[in-house]
Amino acid sequence: MITINLLYFALFREVTGKGQESLSGEFKSPEDVFKSLGDLYTLDIDKGILQVAVNDSFAGWDTALVEGDTVVFIMPVSGG
Amino acid sequence: MFDITTKQLDLDVLKKSLENDAAGACVFFEGWVRNHNDGRSVDKLEYECYEALAKNEGAVIIAEAKEKFAIHEASCVHRYGSMEIGDLAIWCGVSSSHRKAAFEACDYIIDQVKLRVPVWKKEFYTGSSDHVWVRQEPGSTY
């Protein structure tokens, strides 16, 4: 079991009602974390439109996670 | 140089960041908050960002532009937070020896920022409590 930090932005922040939290579980990858979020919150968000960041860099859904990693699920961006 | 800030942008400072004795051209783009989108009247916008990744990705985009185009300096700054109609939300500028490279590099930077930098825009509409997170479609030139 590991503990990871999650940062929430935009729609994720609104759905979860918070800007960040720590989660503990059998998380091998962001894929596992996303499944766990689906159990905690009503996430009406298509995984296919999301990107993932680990420790402030874009990462794959299968990136190996270690204790203390920071994970962010990124909605389609709309700057400018 | 790429930055993201809640403060109003200082155009004099930004333009100075492009100075280079070898430059004969300077092109810049200003993105303003407009009062309409997709057929709806917009009252204001709120921008939210993932600041650490936005700064990292923005710096990568500036480096790419310097690699791809014959330019001397390139700067881009995005504001976030609550903004009113007419506010300057993003500024992007490039200097080069000749104008074509500056136009092309400026266009490249703003396109890539809109596609890749984790900034999200929420629109608030006139006469409605409705608000929407805008989604930038790939290939859009808005």
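## Contacts between and within chains A and B

Between chain A and chain B, 15 residue pairs are in polar contact, both residues of each pair standing at pLDDT 80 or more. That confidence score belongs here since this is a predicted model, and every value in this report is to be read with that in mind.

Sorted by class, the side of chain A that touches chain B is made up of 13 nonpolar, four polar and three charged residues.

How many residues does the contact take from chain A and from chain B? It takes 20 residues from chain A and 24 residues from chain B. The size of an interface is often given as the accessible area lost when the parts come together. Here chain A and chain B bury about 1900 Å² between them, and 57% of that area lies on carbon and sulfur atoms. Within chain A, the residues that lose the most area to chain B are A:V77, A:S78 and A:G80, which together account for 33% of what that side buries.

Charged pairs also cross the contact. Side chains of opposite charge can pair when their charged atoms come close. Two salt bridges are counted between chain A and chain B, and a salt bridge is formed by B:K122 with A:E14, whose closest N and O atoms are 2.3 Å apart.

### Chain A on its own

The secondary structure of chain A consists of two helices and five strands, and when the sequence is read along its course these follow the pattern β-α-β-α-β-β-β. The radius of gyration of chain A is 12 Å, close to the 12 Å that the globule rule gives for 80 residues, so chain A is as compact as a globular protein of that length. Along its principal axes, the C-alpha trace of chain A spans about 35 × 25 × 20 Å. Of the 80 residues of chain A, 49% count as buried. If one takes the contacts in chain A with a separation of 6 or more, then 50% of them are accounted for by residues 24 or more positions apart.

### Salt bridges

Over all chains, the structure holds eleven salt bridges.

| Residue | Partner | Distance, N to O |
|---|---|---|
| B:K122 | A:E14 | 2.3 Å |
| A:K18 | A:E21 | 3.3 Å |
| B:E19 | B:K16 | 3.5 Å |
| B:D130 | B:R40 | 3.0 Å |

In the pair from chain A, A:K18 is partly exposed, with a relative accessible area of 30%, whereas A:E21 is buried, with a relative accessible area of 15%. In chain B, both B:E19 and B:K16 are exposed.

Elsewhere in chain B, B:D3, B:E51 and B:K55 are linked in a network of salt bridges.

B:S75 is found in strand β5 (residues 71–79) of chain B. Is B:S75 buried or exposed? With a relative accessible area of 2%, B:S75 is buried. Leaving aside residues up to four places away in sequence, B:S75 touches B:M1, B:S17, B:L18, B:I62, B:W91, B:C92 and B:G93. With B:S17 there is a polar contact between the two side chains, at 2.7 Å. By contrast, B:G127 stands 52 residues from B:S75 along the chain, and the C-alpha atoms of the two are separated by 37 Å.

B:S96 lies in strand β7 (residues 88–96) of chain B, and at 0% relative accessibility B:S96 counts as buried. Among the residues that B:S96 touches, not counting those up to four places away in sequence, are B:A23, B:G24, B:A25, B:I71 and B:A102.

Terms used
Residues are numbered from 1 along each chain as its sequence is written. Chains are lettered from A and ligands numbered from 1 in the order in which they are written. This is a predicted model: local features need pLDDT of at least 70, side-chain atom pairs count only at pLDDT 80 or more; totals for chains, interfaces and linings use all residues. Side-chain values use heavy atoms; hydrogens and water are left out. Contact means heavy atoms within 4.5 Å. Buried area is the accessible area (1.4 Å probe) that two parts lose on being put together, summed over both. A salt bridge is a side-chain nitrogen of Lys or Arg within 4 Å of a carboxyl oxygen of Asp or Glu. A polar contact is a pair of N or O atoms within 3.5 Å; within protein, one must be able to donate a hydrogen and the other to accept it, and residues adjacent in sequence count only if both atoms are side-chain atoms. Ala, Val, Leu, Ile, Met, Phe, Trp, Tyr, Cys and Pro count as nonpolar, Asp, Glu, Lys and Arg as charged, and the others, Gly among them, as polar. Helices (H or I, at least four residues) and strands (E, at least two) are DSSP runs, numbered from the N terminus. Buried means under 20% relative accessible area, exposed over 50%, partly exposed in between (1.4 Å probe, protein chains only). The radius of gyration is taken over C-alpha atoms; the globule rule is 2.2 Å times the number of residues to the power 0.38.
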